[in-house]
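Here is a short briefing on a structure for a reader who has not seen it before. It goes topic by topic.

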Amino acid sequence: MISEAARADIDRWVEKYPEEQKQSAVMAALRIVQDENGGSITTEMMDEVAAYLDMPPINVYEVATFYSMYEHKPVGKHKLCVCTNISCMLRNSKGVVDHLQEKLDIGFGEVTEDGMFSLKEVECLGACVNAPVMQVGEHYHEQLNPEKIDRLLDELRQES
Amino acid sequence: MDTQKDQVTIELNDTRLEARQGQMLIEVADANGVSIPRFCYHKKLSVSANCRMCLVEVENAPKMLPACATPVTDGMKAWTKSPKAIAAQKSVMEFLLINHPLDCPVCDQGGECDLQEMALGYGGDTSRYTEGKRIIKEKDYGSLVSTEMSRCIHCTRCVRFGVEIAGIPEIGGTGRGDHMQIGTYVQKALSSELSGNIIDLCPVGALLSKPFLFSARSWELKSVPGVAPHDAVGSNIQIQTRNGKVMRVIPQENEAVNEIWISDRDRFSYLALDSEDRVTQPMVRNSDGQLVETDWQSALEAAVNGMKMVASTDGGGALGALASPSSTTEEFYLLQKLMRGLGSNSVDHRLRQQDFSGQSDQIAPQLGTTLQQIEQQNAVLIVGSDIQREQPLLSHRIRKAALSGAAVSTVNPDGIEFNFPLSGEVVTDQLTPALSAIARAMVDMGMGGDLSGLSALVADANVEPAHQAVAESLIGGEKAMVLMGEIAYRDQNQAVIYALTGAIASMSGATFSVLTEGANALGGLLAGAVPHRDTADATVDSVGMDVASMVDMAPKGLLLMGIEAESDLAAGPAAADAIRKSEFVVSLSTFADSVTMGKSDVILPLAAFTESSGTFVNAEGEWQSFGGAVAPKGEARPGWKILRVMGTMANLDGFDYNSSEDVLSEVRGLCDQAETEKWSWSALSDLGDASSCTVASTPIYQVDSLVRRSEPLQQTPLAHAGQATTGGAE
């Protein structure tokens with residue numbers, strides 16, 4: 001069920017669009033619902049968004065599967081999104097990935113046993129100037145190396 | 001718009017062609033017989049321009065342009081077979097084949113596959129790819145459409161069909177890039193009544209007919225044109241057979257009738273033809289009360305002698321005949337000729353109608369306009385009809401009108417939803433008060449009309465804003481139609497509802513359309529298979545028994561044609577009882593239902609749909625003839641042949657026909673002469689009891705014995721959808 005708070009949040013987005021184009025708010029609505037659900041959405045939630053925005057469910061599925069920021073399986077508390085595109089690759093993103101996988105003992109698309117971290121391979125984050133790059137939550141972590149990564153993981157663990 | 005200015009001249013492959021400004025290049029090419037390969041473009045769907053197969057070279061354009069999305073402009077020069085165009089087409093073909101499996105030998109689409117043809121015509125002869133191909137898990141779309149999505153080339157025709165034609169977006173493209181898949185995302189069976197059309201639209205073998213799967217190759221099939229036997233649209237079909245067996249049914253394009261579509265009912269009802277309970281031998285009940293198989297001669301003699309016996313002891317009036325509303329016009333004509341020859345006017349085919357008190361004042365069930373004209377209406381009022389399920393392709397025309405701005409409103413029981421937007425809705429299980437209120441609103445707005453007999457009802461009506469809105473939209477519509485459907489037609493107070501609906505139409509200057517059950521209700525009336533009118537609307541000296549009276553009075557002798565009493569008649573069990581009470585029953589039967597088998601004294605096996613020639617008259621009055629596609633099963637014979645012999649054996653004059661065409665030309669001749677006189681409608685004088693109870697619409701896959709026996713249709717979600725029922729009429 002979409003909570004009252006989430007509904008209010010979605011309504012703010014609906015208001016931004018013409019009355020007969022409620023469905024324009026679908027991306028925002030999906031993000032709000034995903035945040036509320038701890039980082040992933042279920043089919044039932046997509047159906048609810050569809051009903052709330054008065055659009056066919058299949059159109060919500062299309063949007064939610066097209067964009068990589070929507071997760072359809074549960075993720076860890078912190079989702080580590082590592083760029084492996086050309087610039088990062090040239091600056092050893094593979095090393096970043098290997099280090100993270102070894103350190104966390106998970107592969108791409110998996111969640112650590114304690115539910116703290118999940119790892120995701122993403123396309124260009126638009127921060128090539130400071131490659132290799134990783135996004136965690138709303139923050140970019142740039143010019144990564146093993147030490148930086150270890151520090152970041154510790155910080156994130158302590159945060160929670 | 002200035003037509004002169006509207007015209008442009010283009011050069012296509014160095015040939016000068018006239019075209020309309022704004023037309024797409026591919027349309028101009030199609031109109032002039034220039035072939036451009038395509039997958040995603042379809043003339044009945046919006047342009048998506050995503051397959052890139054129709055790339056052509058256009059002068060001054062730096063790159064190849066897709067012909068489906070390139071509007072023509074004056075002086076445009078384009079080439080479809082220049083070296084650049086050919087190279088582009090070849091590249092696109094190569095791209096499309098990267099992931100397409102090379103499984104043509106086991107693919108049902110093989111032989112009628114656009115991709116196969118284009119690959120032959122425009123592709124290379126070898127593949128440069130050695131990588132593995134994309135595999136997509138098979139999806140379950142229900143009992144009608146089978147999927148093999150690894151073959152999908154993402155043209156999105158099926159996606160656009162769902163949005164634009166079916167009005168139920170169920171299929172979409174999920175994921176992106178290499179991971180994109182066409183599908184429903186969640187497992188579900190398609191719920192549209194038109195879903196089978198995506199099989200035809202799919203240019204590859206991704207969407208196929210599930211019942212037809214792996215049963216024949218397209219080149220082995222013989223195609224015979226036919227007319228679909230389930231509703232008053234008269235959709236044109238191709239019946240495809242192999243070795244005397246119907247293998248599948250596909251649509252035949254006819255812009256004036258069904259465009260390029262057919263309903264699932266039309267497409268999959270043929271599956272009933274092989275059901276186990278087909279009657280294939282003439283049978284006569286012996287002195288022990290057992291039905292025994294016999295030859296045609298003895299069975300026909302038993303039938304005719306029995307009926308003549310009843311007529312000689314109790315008079316011809318003791319005989320009654322009931323026929324399926326989907327019988328052919330020829331069958332209707334011969335049936336009533338036989339019955340009237342034996343001295344009875346009691347012939348009827350209006351099996352689900354309950355109130356016949358207004359029959360002499362009513363016009364024939366017809367559209368009053370053409371199917372194509374429906375699209376041009378500005379205002380439509382639907383009275384008592386689940387039109388989308390009753391007449392799927394007629395409803396599609398209303399949908400087109402609604403989407404282009406027509407105000408469509410309904411007076412319906414609760415729970416009926418349509419795939420088009422409604423501008424007004426009166427939800428009621430009492431049609432009479434609602435219609436009275438709309439009429440009252442019109443009178444209050446100064447619309448005059450002949451309300452004799454209805455005056456009191458209308459004067460007492462309580463006008464609510466919803467009624468007012470309907471009245472206003474009808475009066476405001478330059479082209480308006482009022483369409484009365486099955487729920488209204490079958491009501492116990494049909495006469496009053498009919499008169500009110502007619503009055504609303506006449507006051508607002510709207511076309512009055514009446515649609516009822518079966519494929520040939522209009523043909524039945526024209527042929528005279530009704531108790532109150534002879535062929536071509538001629539008057540009868542005494543009105544015979546209608547369906548309701550026959551159920552009440554159980555005629556001594558009954559002739560049934562293509563009927564399953566319990567499912568086909570409104571009265572159901574009561575009708576079965578009437579048949580059981582009758583002294584002598586002859587059944588022309590396609591299927592062996594329990595009532596027929598339990599009671600009939602003589603059973604004559606009747607050829608089914610696809611096995612007999614004949615003519616259906618559709619709602620707009622179009623006479624559409626068809627031939628038999630396969631031989632009747634077993635000893636079954638076409639109805640017109642059985643009735644012809646019965647007429648001859650009964651020593652009646654005028655039964656010496658050589659073919660169904662002879663019968664047709666006789667009945668057609670009579671009707672053509674009568675068509676100079678306009679069918680008339682006049683308001684009722686006697687209202688009777690004006691309290692109204694609404695009946696339910698017949699569920700879409702219960703309308704006749706064929707669809708009831710088509711297993712795949714019965715497994716669809718539509719077959720199980722909750723039907724709107726209100727009131728206590730049944």
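Cys40(B) is buried, with a relative accessible area of 2%; buried means under 20% relative accessible area, exposed over 50%, and partly exposed in between (1.4 Å probe, protein chains only). This is a predicted model: local features need pLDDT of at least 70, side-chain atom pairs count only at pLDDT 80 or more, and totals for chains, interfaces and linings use all residues. Residues are numbered from 1 along each chain as its sequence is written, chains are lettered from A and ligands numbered from 1 in the order in which they are written, and side-chain values use heavy atoms, with hydrogens and water left out.

**Cysteines**

- The whole structure holds 0 disulfides over all chains, a disulfide being a pair of cysteine sulfur atoms within 2.5 Å.
- Cys40(B) is in no disulfide, and its nearest cysteine sulfur, that of Cys51(B), is 3.7 Å away.
- Cys671(B) is also buried, at 2% relative accessible area.

**Salt bridges**

- The count is 43 salt bridges over all chains, each a side-chain nitrogen of Lys or Arg within 4 Å of a carboxyl oxygen of Asp or Glu.
- In chain A, Glu71(A) pairs with Lys79(A), with the closest N and O atoms 2.9 Å apart. Glu71(A) is buried at 12%, and Lys79(A) is buried at 19%.
- In chain B, Arg709(B) and Glu564(B) form a salt bridge at 2.8 Å, N to O. Arg709(B) lies in helix α25 (residues 705-709) and Glu564(B) in the loop between β22 (557-561) and α20 (565-568), so the pair ties together parts that are 145 residues apart in sequence. Helices (H or I, at least four residues) and strands (E, at least two) are DSSP runs, numbered from the N terminus.
- Shared partners join salt bridges into one network, with Asp277(B), Arg352(B) and Glu517(B) among its members.

**Where the chains meet**

- The contact takes 10 residues from chain A and 12 residues from chain B; contact means heavy atoms within 4.5 Å.
- The two chains bury about 920 Å² between them, 64% of it on carbon and sulfur atoms. Buried area is the accessible area (1.4 Å probe) that two parts lose on being put together, summed over both.
- In chain A, Ile58(A), Thr65(A) and Phe66(A) lose the most area to chain B, together 49% of what that side buries.
- Between chain A and chain B there are 0 salt bridges.

**An exposed proline**

- Pro573(B) lies in helix α21 (residues 573-581) of chain B.
- Pro573(B) counts as exposed, at 56% relative accessibility.
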